[in-house]
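Please view the sequence and the model first, then follow the points below.

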Amino acid sequence: MSEVLEGRTAAGRGVRVRYSVDGIEEITDHPSAPDLLLLPGLVDIQLNGYGGLDVNDPSRPASELPDLVRALWGQGVTTVYPTIISADDATTTTLVKRAAAARATDPAAAYGVPGLHLEGPYISSAEGARGAHDPAVIRDPDPDEFDRWQAAADGTIAIMTLAPERQGAIDFTRHLAAHGVLPSVGHSLATAADVHGFAAAGGRLSTHLGNGLPAQIDRHHNPIWPQLAEDTLTAGLIADGHHLPADTFAALVRAKGPARCVLTSDAAALAGCAPGDYRTAVGGAVTVASDGSLRLQGTPYLAGSGASLLDCLRWATGPGGLPLETAVAMATTTPADLLGLHDRGRLEVGARADLVQVTSSPDGTLGDLVTVVVNGRLIALSNS
């Protein structure tokens, strides 16, 4: 049975969208559409948790991933790549097995989680570059170890963040690419030669470009410039207002080009939680500051983001920010295409019916989430 949703696209076109569980069936012009933005469901390729839910804590119940998927519906995120950070072999195996089991038994998890993102443990161990990752578990790439994780995950590991300068990393990048996994550079002090070698070996993404670095780096010889110059790499950018200052964010987008940029939240389990001090599986002692940032307690280092991807979209399109149409593509179509999900993240006939309605102010500022449709089904929003 078909349903109808009306609103204005990011480009300002008034439309009426007819959809069902089979996908978007028809899009017609509707000049008198309600003054609500009608957008594709958001696609977040880097997220560790949200609202107290944590994909990195092996002690959590089996329902953690399905609960997280449903919690993210309330933020307009309809597709997510849960991100498991550096851990020992046994912990990583447990976490990917648990995620695979959730996908196998829960339809929401199966649809909402097309794959997993492993961020480490094959990253830089240098202070600053490693961020909140535990230095005790960081190590050189091991293809056999990764293959065991992929088997435990039922083949669902889709993205792997690594540091190209580590011993064996370039060969490992070829191994990932040959097996359909998207290699991403991050938490790295790679030289220009390392970055270009990584791209030539099949690297395609930069994990949170501009972050995962020491506070002070060489002005010319640092990992940022070659990643910007390398056209084969798409830049992941955390647009939470804390990881990147507004001018830095704007400069990175202009240098890379919006078509080769994706917005990511890097949301941690404490995202959406009240200010205070907490203990988490990721980072240990973490402070949720009054400004919404998450920091390793007693340090200036960020411990993930306290924002959802919808929050990031709001910040990126704020006063002086990106055009709405540009930013929406960076949070929907571009990440979907990067991961081969060519029927998601778009308002097109034949695409999956993942849709969100959002209020907006006269100046174009994004407001509240009104409606979420996931795979053709209307979702009840408890906090709408």
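Four aromatic pairs are found when the whole structure is searched. The model is a predicted one. A pair of aromatic rings is described by how far apart the centres are and by the angle between the planes.

**The pair Tyr122 and Trp149**
- The ring centres of Tyr122 and Trp149 are 6.0 Å apart and the planes are at 15 degrees, so this pair is stacked.
- Tyr122 belongs to the loop between strand 9 (116-119) and helix 4 (143-152), while Trp149 belongs to helix 4, so the pair ties together parts that are 27 residues apart in sequence.
- Tyr122 and Trp149 are both buried.
- One aromatic cluster is formed by Tyr122, Phe146, Trp149 and Phe172.

**The pair Phe249 and Trp315**
- For Phe249 and Trp315, the ring centres lie 5.3 Å apart with the planes at 65 degrees, so the pair is edge-to-face.
- Helix 8 (residues 246-256) holds Phe249 and helix 9 (residues 309-316) holds Trp315, so the pair ties together parts that are 66 residues apart in sequence.
- Phe249 has 4% relative accessibility and therefore counts as buried.
- Trp315 has 28% relative accessibility and therefore counts as partly exposed.

**A charge over a ring**
- Arg344 is placed over the face of Tyr111, at 4.0 Å from the ring centre.

Notes
Residues numbered from 1 in each chain as written. Predicted model: local features only at pLDDT ≥ 70, side-chain atom pairs only at ≥ 80, totals over all residues. Heavy atoms only, no water. Phe/Tyr/Trp six-rings, centres within 6.5 Å; stacked < 30°, edge-to-face > 60°. Helix = DSSP H or I, 4+ residues; strand = E, 2+ residues; numbered from the N terminus. Buried < 20%, exposed > 50% of the residue type's maximum accessible area, 1.4 Å probe, protein only. Lys NZ or Arg CZ within 6 Å of the ring centre and 35° of its normal.
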